[in-house]
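I opened this entry to go through the aromatic ring pairs and one of the helices. My notes follow in the order I looked things up.

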Amino acid sequence: MNTRVLLARRPQGPITTDLFVFDQAPVPEPGPGDVLVRNIYLSCDPYLVGRIQSVFPLGEPVAVRAVGVIARSENPAWLEGTIVWGFLAWEEYTLVPGGRGLTAVDPTLGPISSAISVLGMPGLTAYVGTLELGQPKPGETFYVSSAAGAVGSLAGQLARLAGARVVGSAGSPAKCAHVIDKLGFDACFDHRAVSSVGEGLDQHCPEGVDVYFDNVGGETLDAVLARLNPHARIAVCGQISTYVGQGAGLPNIMAMLRQRATMTGFSIYDHTHKLPEFLPWMSRLLREGNVVYVEDVREGIDSVPDAFVGMLAGDNIGKRLVRVSDDPTTS
Ligand SMILES: NC(=O)c1ccc[n+]([C@@H]2O[C@H](COP(=O)([O-])OP(=O)(O)OC[C@H]3O[C@@H](n4cnc5c(N)ncnc54)[C@H](OP(=O)(O)O)[C@@H]3O)[C@@H](O)[C@H]2O)c1
C-alpha cells in the first residue's frame, strides 16, 4: 500500500498538523510511458504555506520536491534503479505520467538528498540572492535572517567567502551557536531573546548593514531599513513572518531613498537554468570543506505533518527533510 499525506482542509489561521490526514491507497500501476518512483526524501518548505492556503486541491497528497528511486518503469528513457528528483508528493510512491519532470541525480556530486537541499532549490536560492543580488564585498556587513535555515545558512557562508563580515539571526541559543561555531559567521543573535531586532542589529552591526538577505520580512526588514548604509542592497528572498496574517508595513521605507539603496525580489523559478554552472561549483566547495551544509532529517511518512509544522515554528537546524524509505546509497 501507498501511505499518503493528504490536505484535508484549508487553514483559517496558523498551519497546524490537523490540516492533514493520512490515507492508504494501492501503489499505482504505471501505464505505457509511465514511471513509478519510490520516494526516499521529501521536502518541507515555507512556500508550501501559500499553496496550502489557496492552491493545492483538497483530498490530494501535498506536491513537493522529492528524491526517490525508480521502482518500475514503462518508459525506455528511465531505467529502474535510477535515482531521480522531481515534483513528487508527500507519499511513499508517486506515479509520474510519461516520466515528465524527473531529473536524474548525479550521486558523485554529493549525497542524493542534496538534490533538494544544498545542490538544489535552497542552495541555488542562496547563491542567486547572495552573489548576484547582494554582491557582498570585502569589509562590508552582510546580514541574513533565518541564518540557521536551509537558505540562510548557505547565504551567510557564501558572503563570508566573498570577504564580508557576516551577521545572522536565528531563533534559539543552540541555533546561534551552530551558526557561529559550525558555519563560521562572525556573529549571530537570537531574535526571540532580544527586546527588538533593532537592538540585536545595533549590537552586532554597529557600522550599519550593506547587504541584507531577507528571509523574514516584517519587523526584521523594517529594522534593517533603519540601519542601511549608503548604496546598500536588499535581496528579498522570503517573508516568512507574514505568511500567516499580515505584515505591519514598513515605516522606515524612506531609508531606501535616503541611502540610494536597492531592494530586489527574486524567485528561484527564474534561475533554474543556472543549475549546470552552480552544481559543480557548489559540490567542490562542499568537498573541499569551504562550506558546511546540514540537513535536518526526520524519519518516516508518519512524521511529515509534524516535521513541516515544526519547521515553520523554527525547530529545524538546516534543511528540513523527511526520509520515508531506505536510501540505497547509504544502506
Ligand atoms: N525567493 C525564492 O525563490 C525562495 C526560495 C526558497 C526559499 N525562499 C524563502 O526563504 C526563506 C527561508 O526558507 P528556508 O527553506 O531556508 O526555510 P528555513 O529557514 O530552513 O526554515 C524556516 C525558518 O523561518 C524562521 N521563522 C519562522 N517564523 C519566523 C518569524 N515570524 N520571524 C523570524 N523567523 C521566523 C524559523 O527560524 P528561526 O527559529 O531561526 O527564526 C524557521 O526555522 C523563506 O521565507 C522562504 O519562503 C524563497
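Entry 1. I am working from a predicted model. I looked up the aromatic pairs and got a count of nine. I started with Trp90 and Phe308, whose ring centres are 5.3 Å apart with 65° between the planes, an edge-to-face pair. I then checked where the two residues sit: Trp90 is in the loop between strand E5 (83-89) and strand E6 (93-96), and Phe308 is in helix H9 (residues 304-313). They are 218 residues apart, and the pair links distant parts of the chain. Both Trp90 and Phe308 are buried.

Entry 2. I turned to Phe213 and Phe266. Their planes stand at 80° with the centres 6.5 Å apart; planes over 60 degrees apart count as edge-to-face, so this pair is edge-to-face. Phe213 belongs to strand E11 (residues 209-214), while Phe266 lies in the loop between strand E13 (262-265) and helix H8 (275-287), 53 residues apart. I found Phe213 buried at a relative accessible area of 0%, and Phe266 buried at 14%.

Entry 3. I looked for clusters and noted one formed by Phe20, Trp90 and Phe308.

Entry 4. I checked the length of helix H2 (residues 121-134). Of the 14 residues, 11 are buried, so H2 is largely enclosed by the rest of the structure. Among them are Met121, Leu124, Tyr127, Val128 and Gly134. Just after H2, I noted a positive phi of about 45° at Gln135.

Conventions. Residues numbered from 1 in each chain as written. Predicted model: local features only at pLDDT ≥ 70, side-chain atom pairs only at ≥ 80, totals over all residues. Heavy atoms only, no water. Phe/Tyr/Trp six-rings, centres within 6.5 Å; stacked < 30°, edge-to-face > 60°. Helix = DSSP H or I, 4+ residues; strand = E, 2+ residues; numbered from the N terminus. Buried < 20%, exposed > 50% of the residue type's maximum accessible area, 1.4 Å probe, protein only.
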